[in-house]
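Have a look at the sequence and the model first.

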Amino acid sequence: MERLGIKEEGRKKEKRKLPPLPHAKKGEVVTRFPPEPNGYLHIGHAKAAFVDYEYARMYDGIFILRFDDTNPANERKEFYDAQKEDLKWLGIEWDKEYRTSDNLPKHYELAKKLLEEGNAYICTCSEEEIRRNRREMRECIHRNESELEWNDFIKMKEGEAVMRLKGDMKSNNTAMRDPVLFRIIEHPHPIHGKRFRVWPTYDFYGAVEDSLSGVTHPFRSKEYELRDEVYFYLLDLLGLRKPHLMEFSRLEIKGMPVSKRKIKPLIDEGKVMGWDDPRLPTLRGLRRRGIVPEAIKEFVLSQGISKAEAVVAFENLEAINRKILDGKARRYFFVPQPVKVIVRGLEEKEVELKYHPSVDMGKRKVKVGNVIYIPKSDAEKLQVGEIFRLKDLCNVMVEKIGNEIMGEFAGDELIDGIDKVQWVGEEHVEMEVLIPRLPFKNGEFDEKSLEIVRGYAEKNVEEIKHGEIVQFERFGFVRIERNEGIKGIMAHR
RNA sequence: GCUCCCGUAGUGUAGCCCGGCCAAUCAUUUCGGCCUCUCGAGCCGAAGACCCGGGUUCAAAUCCCGGCGGGAGCACCA
């Protein structure tokens with residue numbers, strides 16, 4: 001117990017802290033995590049969420065969960081809750097929660113103001129025209145001569161007109177070339193139905209919401225950097241408070257695409273089982289694989305808020321997870337690709353084995369007789385005349401090697417320097433363990449990224465609850481799933 | 001192509017804003033050794049880095065200029 005306590009403390013010390021926030025005062029920091037409810041959260045979201053959450057905690061501030069649901073065609077009702085579940089699983093708690101879509105009336109008010117003050121205009125150019133004019137840095141006729149007002153705009157049809165900011169068509173920053181602020185979308189909204197037809201774009205609601213909700217330190221990922229200028233310009237025009245906007249690089253994992261854009265095709269083409277496939281960096285996938293929330297937290301925070309693009313190895317996460325799991329996971333014997341061994345002289349009996357080598361978790365009982373199974377990989381190494389050890393049981397002298405191995409009991413005492421092998425007896429459970437690997441190899445989907453290993457596990461695995469993570473000794477950490485039968489998913493060695 | 005951002009060991013990261021205490025932090029990785037009835041964990045040790053070239057300065061990873069390399073944006077998507 002005390003030993004554990006010391007270990008625990010040792011690890012805590014190593015935990016890195018986020019660097020101090022500029023312009024931050026204790027008690028006055030407000031952060032926000034703004035997912036769009038259009039899919040399941042992945043580890044990239046976890047990074048953003050943890051950074052926001054941790055900074056709020058670090059400064060005794062407030063952390064807001066905000067659903068950026070302003071594109072009714074994309075959002076789906078089920079994801080509001082799914083995302084909240086995933087955040088809760090991560091151990092993230094929020095002080096406030098709201099939907100951006102609930103604030104549309106306020107957005108409309110500000111839009112009208114922008115229009116009336118001549119800082120925005122209703123543009124009826126086609127999308128292609130807008131694009132071309134942007135490229136050619138040319139103002140369109142509507143910018144200065146449009147007579148259309150807000151009330152005209154809201155009566156128009158989808159695609160007929162948009163509201164644009166009067167930025168600077170000559171700006172080097174393409175984001176400033178009169179970005180679209182509002183557009184019309186007829187598609188019903190999962191929450192509001194047909195109540196609204198005019199929807200703000202990211203440039204508008206992002207800046208406005210951050211400011212109005214009191215966020216002091218909004219974080220976004222680096223690809224938005226060019227939009228900073230729009231963000232502050234807009235707030236200036238609206239006379240709204242300007243937060244300390246910050247950016248960090250996106251999380252990238254070697255061989256494991258994080259973005260929805262790359263994951264979705266794998267699911268659509270049936271290459272993976274779904275959004276919770278253990279090969280995927282979705283929170284649901286990681287969870288199924290046996291990666292614990294604390295590990296995800298430590299991992300993503302170790303990336304920090306640097307703007308340098310980084311490609312991290314998944315093994316970093318594995319290493320963190322392994323260390324956390326090691327002190328908590330019960331041990332069992334699992335024999336992959338079992339080979340039968342007849343041990344002459346081994347009496348039928350019941351032995352007690354510890355659930356954990358150093359932490360007291362009690363003991364389990366295992367029946368043995370003279371029929372034993374050991375892993376093929378170990379069996380292949382055996383030579384006639386050699387003595388090997390059945391771990392926690394006894395020594396066996398190899399007499400004959402064939403389809404089965406014949407051996408003889410060779411004493412109970414531990415002999416130094418011989419191989420110790422995990423085993424099961426006649427009483428065992430057949431099961432399979434899924435071994436997920438990196439889904440991508442050399443930029444292409446690896447068809448062999450999910451290996452299935454069949455084997456025998458000691459009967460006690462039947463007591464393991466669904467979702468529990470255990471260690472199969474000398475094999476790896478495995479999360480147990482119990483649906484029709486019992487199945488294991490290997491997290492890592 | 002244009003614009004912006006980034007460049008510290010194999011990998012990630014601290015330090016850079018406010019130059020000296022940096023012969024550079026921590027983690028991972030690899031390799032030794034110890035411990036352990038797991039190929040896990042733990043303990044000890046070792047290996048390994050400031051993209052290049054100029055400049056400023058008594059002094060540069062840190063400031064300035066140029067080059068090279070990588071990334072992002074150029075959507076009525078976020």
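Is Tyr 108 buried or exposed? Tyr 108 is buried, since its relative accessible area is 15% and the cut-off for buried is under 20%. Keep in mind that this is a predicted model.

Now for the rings. The structure holds 23 aromatic pairs. Take Tyr 108 and Phe 196: their ring centres are 6.0 Å apart and their planes stand at 85°, so this pair is edge-to-face. It joins distant parts of the chain, with Tyr 108 in helix 4 (residues 104-116) and Phe 196 in the loop between strand 6 and strand 7, 88 residues apart. Phe 196 is buried too, at 7% relative accessibility. Both rings belong to a cluster linked by ring pairs, along with Trp 150, Phe 153, Phe 182, Trp 199 and Phe 204.

Next, find Phe 333 and Trp 423, both of them buried. With centres 5.6 Å apart and planes at 65°, their rings also make an edge-to-face pair.

Time for some backbone. Most residues other than glycine have a negative phi. Asp 178, though, has a positive phi near 50°. You'll find Asp 178 in the loop between strand 5 and strand 6, buried at 0% relative accessible area. Gln 337 also has a positive phi, near 40°, and sits in the loop between strand 13 and strand 14. Gln 337 is partly exposed, at 44%.

Glu 149 lies in the loop between helix 6 and helix 7 and is exposed, with 52% relative accessibility.

Conventions:
Residues are numbered from 1 along each chain as its sequence is written. Chains are lettered from A and ligands numbered from 1 in the order in which they are written. This is a predicted model: local features need pLDDT of at least 70, side-chain atom pairs count only at pLDDT 80 or more; totals for chains, interfaces and linings use all residues. Side-chain values use heavy atoms; hydrogens and water are left out. Helices (H or I, at least four residues) and strands (E, at least two) are DSSP runs, numbered from the N terminus. Buried means under 20% relative accessible area, exposed over 50%, partly exposed in between (1.4 Å probe, protein chains only). Rings of Phe, Tyr and Trp (its six-membered ring) pair if their centres lie within 6.5 Å; planes under 30 degrees apart count as stacked, over 60 as edge-to-face and the rest as tilted.
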